[in-house]
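Trainee: Please walk me through this one in plain words.

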Amino acid sequence: MASAILRESTIMKIHYGTALAAVALVAVHVLMRLTSGGFAASLEYETVLANYRFLPYALMLEIILVLLSIHGFNGLRVILLELRQGPRYEKAVSYGCVAAMFALIAYGSRTIIMTNMGMV
Amino acid sequence: MALQAAGSASSQPSAQRPGTQRTITLRIARSNPAHDSTTVGFDDFDVPYEKWTTVLDAILEVKKMFDHSVGVRYSCRQATCGSCGMMINGRPRLACFTKIDELNSSVVTVEPLQNFPVIRDLAVGFDSLFENHREVRPYLDRDDTELDNTPDGELKEYAQSPEELEQYIQFANCIKCGLCNAACPTMATDSSFLGPQALAQAYRYVGDSRDRGKDSRLKMIDDSHGIWRCHFAGSCSQVCPKGVDPAMGIQMLRGYMLGFGGGNQKK
């Protein structure tokens, strides 16, 4: 169980830290959308591909993906732990959230890497 | 079931005039989970009241005059024992500390405290409250005793400055009435949550310069159902009849956890 490996205070420090870092990076991300020829243009297919192929930007997207996955799935874990209690349920929720987090990071990273390497 | 007080034709209180007694409709939640876990009903009683009549006075009037079977727990009648906590018009309050006149309502509804198991009618079980209170080890935790402080074994108080006392003194006013736990939205869903009462008491001792058990106490509350489950709704502090601010105590404890607290502590 995640909370058995890490103390709850450590988990929550990570939770707050990822939130703060994500706010900063997502702000950069949004500003980039608004400054690269307008919001609508920034969502065009070729522009999106170009963003992924620009390595520093792809790295930032990867970091945002990791930060938001950690923060989001821990938030989900907290909500689910408050919804119901019981050792088996709590263990399932904690392991499930960690597994889902890694799955999302893996799938998102695959997209970023493949696009960056020109495989899409 | 609706019962009328003798001589009371209407449940609506009238403006007080010389020789005229005002009445209030007291709606008392009735249930007995030991016999029937599903049925919760209300009995209405028209009760006369004066400016100084408390809700507890009205309930005891009902027990005396109309229905002695109403289940209610009380003791000191002066907001000291913490026994008579209940939901009064939807808000956790002490019945002995709430005057009917101040409620500005013609109907006063009394129900058992939320987030606690009902024993009968208005009486709830405080087992979880006291268990959580015990869990934070609510006493000065140190190896020596005041008797050890002098070579000749004379009693000597642990020295503490007024500033050190100020760190925790408001939290020492807790009477364990359970109103904060009844108001806590997290406790409504998370039955394993320690609750604002226990966490505030944890801070009461963590913030006490005489205590030496800070680390073990912080470790105890650093749990998946401990201090981090507080969402800072602040309702615990709003309902406390003794002016304790559990929400602030919880934030102060979080400060310790995050490494911001305890700058003036002798640990």
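Trainee: Which residue of β5(B) stands opposite B:Gly85?

Mentor: In β5(B), B:Leu94 stands opposite B:Gly85. On labels, residues are numbered from 1 along each chain as its sequence is written, while chains are lettered from A and ligands numbered from 1 in the order in which they are written. Also, this is a predicted model: local features need pLDDT of at least 70, side-chain atom pairs count only at pLDDT 80 or more, and totals for chains, interfaces and linings use all residues.

Trainee: Okay. How many bridges join β4(B) to β5(B)?

Mentor: There are 4 bridges, and the two strands run antiparallel. Strands pair if DSSP finds at least two bridges between them. The strands themselves are DSSP runs (E, at least two residues), as are helices (H or I, at least four), numbered from the N terminus.

Trainee: And what sits in the hairpin of β4(B) and β5(B)?

Mentor: Between the strands there are 2 residues, and B:Asn89 takes a positive phi near 50 degrees in that hairpin. Look at B:Ile88 too: its bridge partner in β5(B) is B:Arg91, and its bridge partner in β6(B) is B:Val110.

Trainee: What about domains? What does the domain assignment of chain B give?

Mentor: Domain 1 (2–124) and domain 2 (127–257), with bounds from an automatic or database domain assignment. Their centres are 32 Å apart, taken over C-alpha atoms. In all, 14 residues of domain 1 are in contact with 13 of domain 2. Contact is C-beta atoms, placed from the backbone, within 7 Å.

Trainee: Which strand gives the largest share of the side of domain 1 that touches domain 2?

Mentor: Strand β5 (residues 91–94) of chain B, with 4 residues. That side of domain 1 divides into 7 nonpolar, 5 polar and 2 charged residues. Here Ala, Val, Leu, Ile, Met, Phe, Trp, Tyr, Cys and Pro count as nonpolar, Asp, Glu, Lys and Arg as charged, and the others, Gly among them, as polar.

Trainee: How many residues has the largest nonpolar core?

Mentor: It has 62, and B:Leu199 and B:Leu253 have the most contacts inside it. A nonpolar core is a set of buried Ala, Val, Leu, Ile, Met, Phe, Trp, Tyr and Cys residues joined through C-beta atoms within 7 Å. Helix α7 (residues 196–206) of chain B gives the largest share, 7 residues. Both domains of chain B give residues to this core, so it lies between them.

Trainee: What does B:Leu253 touch?

Mentor: Leaving out residues up to four places away in sequence, B:Leu253 touches B:Leu199, B:Ala202, B:Tyr203, B:Val206, B:Ile221 and B:Ile227. Apart from that core lies another of 10 residues, among them A:Ala22, A:Leu67, A:Val78 and A:Val93.

Trainee: Chain A now. Is A:Ala24 buried or exposed?

Mentor: A:Ala24 is exposed, because it has 12 other C-beta atoms within 10 Å. It is found in helix α2 (residues 8–35) of chain A.

Trainee: How far does helix α6 of chain A reach?

Mentor: That helix (residues 87–116) has 30 residues and reaches 43 Å from its first C-alpha to its last, close to the 44 Å expected. The expected span is 1.5 Å times one less than the number of residues. A:Val93, A:Ser94, A:Cys97, A:Met101 and A:Asn116 are buried in α6(A). Just after the helix, A:Gly118 takes a positive phi of about 75 degrees.

Trainee: Last one: how many residues of chain B are in contact with chain A?

Mentor: 13 residues of chain B are in contact with 11 of chain A. The chain B side divides into 3 nonpolar, 6 polar and 4 charged.

Conventions:
A residue is buried if 20 or more other C-beta atoms lie within 10 Å of its own, exposed if 12 or fewer, and partly exposed in between; C-beta atoms are placed from the backbone. Two residues are in contact if their C-beta atoms, placed from the backbone, lie within 7 Å.
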